[in-house]
Amino acid sequence: MRLRRSLLYVPGNMPGMLQNIPVFEADVVMIDLEDAVPLQEKDAARLLARNFLRSYTDRNKEMFVRINGLDTPYALDDLREILPALPDGIRLPKADNPEVVEKLDTLLTEQEEQLGLEIGHFKIIPSIESAQGVLNSVATAVSSPRLVALAFGAEDFTASMEIDRTKTGEELFSARTQIVWAAKAAGLQVIDTIFPDVNDMEALRTETALIKRLGFTGKSLVNPRQIEIIHEVFRPSAKEIEHALEVMDAIKRAREMGTGVISLKGRMVDAPVVTRAARVLKTAIAFGMIDFELTDEVIHGEK
Amino acid sequence: MAKNSLGREIPALWRGRALDPYIDPWSRKPEVLRATRPLVRRHPSDSKLLPSLRAALEKCELRNGMNISTHHHLRNGDLLLNLLVKEMDAMGLMDMGIASSSVHDVHAEIIPYIRKGVITRIETGVNGLIAQMVSKGELKCDIIVRSHGGRARSLVTGEVEVDAAFIAAPCCDVTGNMNGVHGPSACGSLGYAYTDARYAKKVVAVTDNLVRYPAAPISISQSDVDYVVQIESLGDPKKIVSTTTRVTRDPAGLLIAKYAAEVIHASGLLKDGFSFQTGAGGTSLAVADNVRRLMAENGVKGSFGCGGITGYFVDMLEEGYFETLFDVQCFDNKAVDSMRRNPCHREISADLYASPFNRGCVANMLDCVILGATEVDVDFNVNVNTESSGYLLHNTGGHCDVAAGAKLAIVVAPSMRGRLPVVRDAVTTVTTPGETVDVIVTERGICVSDKHPDLVAELRRRNLPVKDIRQFHEEITKVTGKPRPVEFEDEIVALVEYRDGSIIDVIRKVHE
């Protein structure tokens, strides 16, 4: 499982910030050619991003590029400049419907053929940013085998809804759940929107805890200072890990006794509980927090 | 011209003084007794009170070529040095030396008097414009850069004779008892002035807050003070303790701080009795913030915090992270207030803080210190005096003193400033020798001196980005390119004295 807890935007037109990309511990960096870059700097940002990606050969994180929307005159130039510098994938804004993703898929395939790359090399994370996008998210989630995650963009979404975004985010609840369902049904990771107030760490923590409970697997962010809190929230706690290990131990004993269900500290342990525990352990293993061999057999029992 | 042990060219003589090239941090020993000052006897009816600075300057019998001193606790709010220089000019004095504990931007007012020849030497480091102009050759004024400990040493040994010390006293009585914690110009600790009070030939207390006898608490006592002068104002209170002391918000700075705290944790020094010094800069405070968190998580109770004290350290004292603060200089009002009311917040002299030539300074008891740098080099030498422009711009402060004293001296700096790499083949100026520096922490990597293989192993075990300093230097210059070296002329405009009085480097005029 590839961890994508933190997806950091770095403006493509800021060389000082680009050069610090190797330093920060985000799982994914998304060089932004879209909203952070003013129109008169689109071409400069493209070149800077390309040059940075070319020189950044010793990569310690996944590199995505947020191109301009496919409905703008910039997107094709973005792809032409950026793809030869081999980013891991494209963050596609305004993915309002599956056709937009399919169109990008085709463009990526063309470039892969030209560059002599394996088809499917470039991944896509589409960004759901409008009411239409939310309603179409189920179809969008299965629109291309290149997808690794669905992302939610609340700033554009609230604009399309003609509402304000609040710190507590009640207005986002429905959209978030819908996107999580669409992603989970398609077997994708799912990335929450940015939290814009870079000085309110407690509210960031609260929001991250909320979206983790909803099922999101990661969060976009705009300032490196936010990385640590997001990682902290997504890191399973020692208590969760301990409990998951107890569950595994209990179900093993149950199976030895010839049953699929057993009581642990007064609570029933059966297959769904084991699946959840296995998920905690998988995450803990991916974080390097525990050394545990988690096979299908351990999770589901011997056939 | 001989090379010192760091390969820096040091002339045998400069302005008539025979120079002793730096050899190593430890071997130079004092061969003199303490300097003395004349004893005097005061009749109970004698008054020390004089009507003006002019009267005090006359009473001190100053003649051409002598030295005066002030302290820099009022920093950029200080008015006293400027007033004194103008008075000396009015009296027709020439070729005077300033042996103050530091000279700041606010003292740019004395530039015309340097041009005129009233002032010809500054026996301490200089911050800002005066130093820059001297580096460019626009101003003739001999500068000897000394650390806080080195300055104290030079007064105690008599290498620098202060003929008259003028001590700005925020609270003072008619006999000269004084403290820095009361009054409109309160600056807290008077640590740097203690040495002047004991070794200057004449000591004048200058106050804007003359209180009824006795001024209490007594920091510097009447037994050391010759005269007392009342003036309208010692300085601009807004600039006296105005250093903005806030934890940085810069993500790279925060990463540096996190790494530095991890280094301290990994060193094994973070246990009960831990002692610590850090500066007032944003990154240094962020280190303190991380250290506080680690102390809380690990239940560590420290012994003392030291150096220039900020509100941040005051909080750590009050929350029980440290038992004592040793304060040579207060950086903000919270520190001044704390020193006024908390007996565990101790005012200490620069001599006790950092002098190499006494029976043991506080710096020697430090476990860990966080230091800054304008440049570092592949031999761990650190520059804080000049910048890559070659201009002298900053004073040493306690940098080389605490680096020598502390068990673990950590230098924190961004790997590049603007488009210049901070790690160099060789620093422009050596302030602090690499022999006394243990770790350099940047946002892109941690470089550890060969002295600490165990620390390297532990940092690697913790998955921290430990890098060989030469490889790291190459990595950074790949990004920045190799800057063209600054060109210097032969003329030496300033000496950089190591804390023991040997010459660790010289500063030459920049070729414009």
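**View 1. Nonpolar surface patch on chain B of the predicted model.** Leu49(B), Val174(B) and Tyr213(B) together present about 260 Å² of accessible area in a nonpolar patch on the surface. Patch members have over 30% relative accessible area and no salt bridge, with nonpolar side chains (Val, Leu, Ile, Met, Phe, Trp, Tyr) joined within 5 Å; areas follow the Shrake-Rupley method with a 1.4 Å probe, only the protein chains shown counting as cover for residues. Val174(B) is placed in the loop between strand 11 (171-172) and strand 12 (178-179) of chain B, strands being DSSP runs (E, at least two residues) numbered from the N terminus. Val174(B) counts as partly exposed because its relative accessibility is 37%, between the limits for buried (under 20%) and exposed (over 50%).

**View 2. Contact between chain B and chain A.** Eleven residues from chain B and eleven residues from chain A take part, contact meaning heavy atoms within 4.5 Å. The buried area, summed over both parts as the accessible area lost on being put together (1.4 Å probe), is about 930 Å², with 52% from carbon and sulfur atoms. Of the area that chain B buries against chain A, 47% is supplied by Arg249(B), Pro251(B) and Arg444(B), more than by any other three residues.

**View 3. Salt bridge between Glu25(A) and Lys258(B).** The closest N and O atoms of this pair are 3.2 Å apart; the criterion is a side-chain nitrogen of Lys or Arg within 4 Å of a carboxyl oxygen of Asp or Glu. One salt bridge is counted between chain B and chain A.

Residues are numbered from 1 along each chain as its sequence is written, and chains are lettered from A in the order in which they are written. In this predicted model, local features need pLDDT of at least 70, side-chain atom pairs count only at pLDDT 80 or more, and totals for chains, interfaces and linings use all residues, while side-chain values use heavy atoms, without hydrogens and water.

Notes:
Patch = residues over 30% accessible without salt bridge, like charges linked within 9 Å, V, L, I, M, F, W, Y side chains within 5 Å. Helix = DSSP H or I, 4+ residues; strand = E, 2+ residues; numbered from the N terminus. Buried < 20%, exposed > 50% of the residue type's maximum accessible area, 1.4 Å probe, protein only. Buried area = accessible area lost by both parts, 1.4 Å probe.
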